[in-house]
Amino acid sequence: MKSYNSNIAWKEINALLPFDFQIKENNHPVEESWDWKGNQIHLDRYPNSKSEYRIFLHHGVGTNGRQMNMILGHKLAELGYDVVAMDNLGYGMTEVNQKDITYDNWVHCFADFVNEETKRDYKKPVLYGLSAGGMLCYNSACHMDEVHGIIGMCFLKNDDKEVGKATAKFGWSNWFLFPIANLLIKMGIKRVPFPMKAASKMNALTNNKQALKIFLEDNASAGANIQLQFLYDYTHYNLPIPVAEFDKCPILLTQPEKDNWTPLHLSEISMKGIKAPYTVKILKGGGHYPMEETALNELLKYSNEFIKNLN
């Protein structure tokens with residue numbers, strides 16, 4: 001099993017976080033591997049047999065599971081929650097043994113994991129997703145047997161033209177690049193590796209310039225390559241349940257105030273008319289991947305309050 005012991009990037013970024021949010025040497029998560037259709041999905045766990053809830057953390061397209069535990073997971077564990085962060089296909093320490101990787105694979109991989117975990121060792125499941133992980137949690141929740149709450153840093157309906165244009169690196173070119181991509185996929189040229197940072201505004205991943213440089217050079221997070229078919233599927237994905245019909249659980253949006261990649265109005269477009277109880281909290285001074293102390297404290301506070309108020 002691949003381990004984060006071999007990854008220097010997370011340690012360097014961890015050292016740039018406020019001291020109270022740094023994962024200390026004596027508090028590393030337990031690393032495990034879960035088999036999903038022959039792929040070895042890497043898990044970072046903070047187990048707690050006494051917890052009523054299990055918090056499932058999911059990264060975006062510029063981060064990984066360890067980086068989720070850095071800003072939220074280990075602090076929730078300190079509050080007594082059972083926490084597990086997944087590395088989805090192509091990210092973190094997960095070992096991929098399938099040829100094709102699509103966004104739909106991500107959706108079902110996460111849903112299957114939550115369903116299996118909940119059956120294996122019952123705890124009420126709550127989801128947290130950062131960046132693209134927010135709507136990933138929503139999409140996956142549509143296929144889950146049970147889910148009690150969703151917390152997201154943003155919720156992006158990327159098949160919306162305004163949202164897609166605002167979040168892409170060269171959004172003005174979407175109108176001709178995507179038809180070309182679709183043609184290439186139909187021709188069988190679908191596994192071509194593509195740097196995610198070339199397609200998205202990865203330079204806005206965090207407002208900490210030193211950390212951003214580390215992220216962009218890390219092939220386990222912001223420096224990862226994705227397949228052309230993954231990118232196309234991600235940008236054209238239809239919600240399994242439209243927001244006007246989704247009532248499986250309450251939803252909390254924890255929107256960083258100084259998010260230069262996915263500002264609040266993009267989530268407002270995507271979640272307009274949501275049927276489920278929906279709350280918005282602003283993280284003061286926070287960037288897209290928040291590393292600012294006030295924003296991180298508020299993320300923890302709002303997340304804990306949200307979970308405690310669930311049925």
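For the charge count, Lys and Arg are taken as positive and Asp and Glu as negative, while His and the chain ends are not counted. The place of a charge is NZ of Lys, CZ of Arg, CG of Asp or CD of Glu. On this basis the protein carries 33 positive and 35 negative side chains, and the centres of the two sets lie 3 Å apart. The structure is a predicted model, in which local features need pLDDT of at least 70 and side-chain atom pairs count only at pLDDT 80 or more, whereas totals for chains, interfaces and linings use all residues. Residues are numbered from 1 along each chain as its sequence is written, and side-chain values use heavy atoms, with hydrogens and water left out.

The secondary structure comprises 11 helices and 10 strands, assigned as DSSP runs (helices: H or I, at least four residues; strands: E, at least two) and numbered from the N terminus. The C-alpha trace spans about 50 × 45 × 40 Å along its principal axes. Of the 311 residues, 58% are buried (under 20% relative accessible area; exposed means over 50%, partly exposed in between; 1.4 Å probe, protein chains only). Among contacts (heavy atoms within 4.5 Å) between residues at least 6 apart in sequence, 77% join residues at least 24 apart.

Arginine 54 is located in strand 3 (residues 53-58) and counts as buried because its relative accessibility is 1%. Its side chain forms a polar contact of 2.9 Å with that of aspartate 82; such a contact is a pair of N or O atoms within 3.5 Å, where, within protein, one must be able to donate a hydrogen and the other to accept it, and residues adjacent in sequence count only if both atoms are side-chain atoms. Beyond its neighbours within four places in sequence, arginine 54 contacts several residues, including Arg45, Val84, Glu117 and Asp121.

Most residues other than glycine have a negative phi. Lysine 37, not a glycine, has a positive phi of about 55°. This lysine 37 lies in the loop between strand 1 (30-36) and strand 2 (39-46) and is exposed, at 63% relative accessible area. Serine 131 likewise has a positive phi, near 55°. Serine 131 occupies the loop between strand 5 (124-129) and helix 4 (132-141) and is buried, with a relative accessible area of 7%.
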